[in-house]
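Take a moment to look through the structure below before reading on. The paragraphs that follow lead you through two places in it, one after the other.

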Amino acid sequence: MRYTLTLQEHHLTELKQLVLKPDGYERPAILMCGFSEASNDIWDGGSEMRFLSKEIIPIPDNQINSHTSAMVNWDTAIFRKAMKRAKENNLRICLVHSHPEGHEQFSEIDDKHEKELFEMIYSRNGGILPNLSLIITCSGVLTARACTSNLVYHQIDFIRVMGSRYNFYYKGKYTVIAKEEFSRQQLAFGPSLNADLSKLRIAVVGNGATGSATAHLLARLGVGQILLVDKDLVERSNLSRLHGATSSDADLGKSKAAVLAKFLANIGIGCRIRKIEEWVVNAQVRDALKTCDIIFSCTDDNSGRILMNRFAHFFLVPVIDMGIVIDPAKDRKEQLETLQGRVTIVQPGNTCLLCRNIVNRQLAREEDLKRNDPVGYLRQKEEAYVIGENNPSPAVITFTSEVATMAVNELINRLTGFKTNGVEKHIIRFFDKGIDRRPHISPDEDCPICGSDEYWGRGDMTPFLDQIN
Ligand SMILES: [Zn+2]
Ligand SMILES: [Zn+2]
């Protein structure tokens, strides 16, 4: 069992303000967490229990009985309130406290004191899922552990902090393992980027023009684990822009995911590749995405993108969505009407794909119908009840690959902060005009996904993603 924790960046900022004060005394706080469970995971057949920060319950100073720089003793009235909330909403409790003196490990006093509190949770709320605790040191080091219902502690060995920047905490982060393959990029960004990339598990959903370019870039950057998801087959008309595909792949009707997986594996720089030849709405894909840290969405599947839009918020897994629009001019006087590439970062705090009108709900319903009831779909199509797919849209490899580069560069930006103007939430490149635009659109107040934080960090629930169907 692998235990991991994902913190929303603004939660960590607030926790630091609550527990690290200038007087240097230890302070506590409670963090309520959603969770996601994955068994038989696609990477090594193991299991992962992932905790997701959901909301903070502060413990004000008047609830602290006594504290010094090395201990804190607090009234448990707020703790009882947290237990009630955890039971009612199926959340886990994370006990947070500071170590102002900088000790990065739990003390013997912590072991004993927290065990009493965890025992209270299990005897009051029942259940067998673990709860957890977190230390924040004065220098910002995070150490966390899970406590199972038999009151045994387990180290949480991977902590993600996701927000405007992506930060990861794990053992060996600062142990430099110089690999010759990545030495030139280490000269640019130092060793920690390479270390982070080697740890990451990244899904590339859609393995066509933008997806094959994205996966290719990720593999050569040194991403340690890449999951490829696509059910489509290679066709001759794809060969002008699919990275890694050959004419024999098209003649044999191989799947895009299989062809790309083989191409990436043959590079031979230690990337672990997994593939699922299915649509993203397939249950096997959903389970695999729960074990990823970041998703690149390179599909024009509306239904799949609506799912990923929700998924990013429920599971705190950022979705870097990209698209391209090429419209020939109708009057043919000019060569092109539109020539644009787009990258949108979907995660809590940003305006979602629905509020940006990037996905089409009607097309999504039709795609679902076509997959689930092909006969009914054809009947509705004959009766002109469905819009139906568009004719093949124009595509050119230089533009699809550039959009992929923009998207992967935004990942590097969020890991290193190399862009002096900050991070991108939504960027449109007008290839024809030579400019980038960043249109601001506020979340729709009624949007259940991005207009409220109710679902952010909710994780597993029934029905999945709180979808009725
Ligand atoms: Zn302590
Ligand atoms: Zn929204």
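Predicted model: local features only at pLDDT ≥ 70, side-chain atom pairs only at ≥ 80, totals over all residues.

For a metal site, a donor is an N, O or S atom within 2.8 Å of the metal.

Which residues coordinate the zinc ion (ligand 2)? They are C352, C355, C447 and C450, each through its SG atom, at 2.3 to 2.4 Å. The angles among the 4 donor atoms run from 100 to 118°, and the site is tetrahedral, because four donors count as tetrahedral if all angles lie between 85 and 135 degrees. Both C355 and C447 are, moreover, buried.

Is R50 buried or exposed? Its relative accessible area is 2%, and R50 therefore counts as buried, the cut-off being under 20%.

Around R50, two polar partners can be picked out in the model. The side chain of R50 is joined to the side chain of E48 by a polar contact of 2.7 Å, and a polar atom of the R50 side chain also lies 2.8 Å from the backbone oxygen of C292. If residues up to four places away in sequence are not counted, R50 touches a set of residues that includes T4, T6, F35, R160, C292, D293 and V317.

Key:
Residues numbered from 1 in each chain as written. Chains lettered and ligands numbered in written order. Heavy atoms only, no water. Donors = N, O, S within 2.8 Å, 3.2 Å for Na, K, Ca; no water. Tetrahedral: all angles 85-135°; square planar, octahedral: opposite > 155°, others 65-115°. Buried < 20%, exposed > 50% of the residue type's maximum accessible area, 1.4 Å probe, protein only. Polar contact = N/O pair within 3.5 Å; in protein donor to acceptor, adjacent residues only side chain to side chain. Contact = heavy atoms within 4.5 Å.
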